[in-house]
Amino acid sequence: MASGSSVTFINNDNQPHDMSSDPHPQHTDCPEMNGVGFIQPGQTKSTNAFRTVRTCGFHDHNQPSTVALQGSIVVQ
Ligand SMILES: [Cu+2]
């Protein structure tokens, strides 16, 4: 993903999620993830624009060890 872009999260689950930057629980790596945060079922939210070239890992803060709710965004 190009620096300066944002990423849209769509919650297709039937429960809310709290999408946060790694590391858990500090969430300090990529503050751009704060644009998503708590997301209700069916809701769509976007990150803030990523301006630093790096890889941003994320997780569900309420289920931090659930691998299916983890991922990474590569900012190039
Ligand atoms: Cu967390």
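Let us begin with a working term: two residues are in contact when heavy atoms of theirs lie within 4.5 Å. With that in hand, residues 24 or more positions apart account for 55% of the contacts in the protein with a separation of 6 or more. The model you are looking at is predicted, so local features need pLDDT of at least 70 and side-chain atom pairs count only at pLDDT 80 or more, while totals for chains, interfaces and linings use all residues. Residues are numbered from 1 along each chain as its sequence is written, and side-chain values use heavy atoms, with hydrogens and water left out.

Now to the fold. The protein has six strands and zero helices, where strands (E, at least two residues) and helices (H or I, at least four) are DSSP runs numbered from the N terminus. Along the sequence this reads β-β-β-β-β-β. The radius of gyration is 12 Å, close to the 11 Å from the globule rule for 76 residues, so the protein is as compact as a globular protein of that length; the radius is taken over C-alpha atoms, and the rule is 2.2 Å times the number of residues to the power 0.38. The C-alpha trace spans about 35 × 25 × 15 Å along its principal axes. Of the 76 residues, 32% count as buried, meaning under 20% relative accessible area, with exposed over 50% and partly exposed in between (1.4 Å probe, protein chains only).

Next, please find the copper ion. Its protein donors are H24 (ND1), H27 (NE2), H59 (NE2) and H61 (ND1), lying 2.1 to 2.2 Å from the ion. Donors here are N, O and S atoms within 2.8 Å of the metal (3.2 Å for Na, K and Ca), and since water is not among the atoms, sites may look incomplete. Along the chain, the donors follow the spacing H-x2-H-x31-H-x1-H. H27 sits in the loop between β2 (17-21) and β3 (37-39) and H59 in strand β5 (residues 55-60), so this pair ties together parts that are 32 residues apart in sequence. H27 counts as buried at 17% relative accessibility, and H59 counts as buried at 2%.

H27 has a positive phi of about 65° although it is not a glycine. A cis peptide bond joins D22 and P23, with omega about -10°, and P23 is in this loop. Another cis peptide bond joins H24, a copper donor, to P25, with omega about 5°; P25 is in the loop between β2 and β3 as well.

A search of the whole structure finds one: C30 and C56, their sulfur atoms 2.1 Å apart. C30 lies in the loop between β2 and β3 and C56 in strand β5, so the pair ties together parts that are 26 residues apart in sequence. The torsion about their S-S bond is about -80°, so the disulfide is left-handed. C30 is buried at 1% relative accessible area, and C56 is buried at 1% too.

Finally, visit Q15, in the loop between β1 (8-10) and β2. Q15 is partly exposed, with a relative accessible area of 34%. Leaving aside neighbours within four places in sequence, Q15 is in contact with P41 and Q63.

Note on methods. Disulfide = S-S within 2.5 Å.
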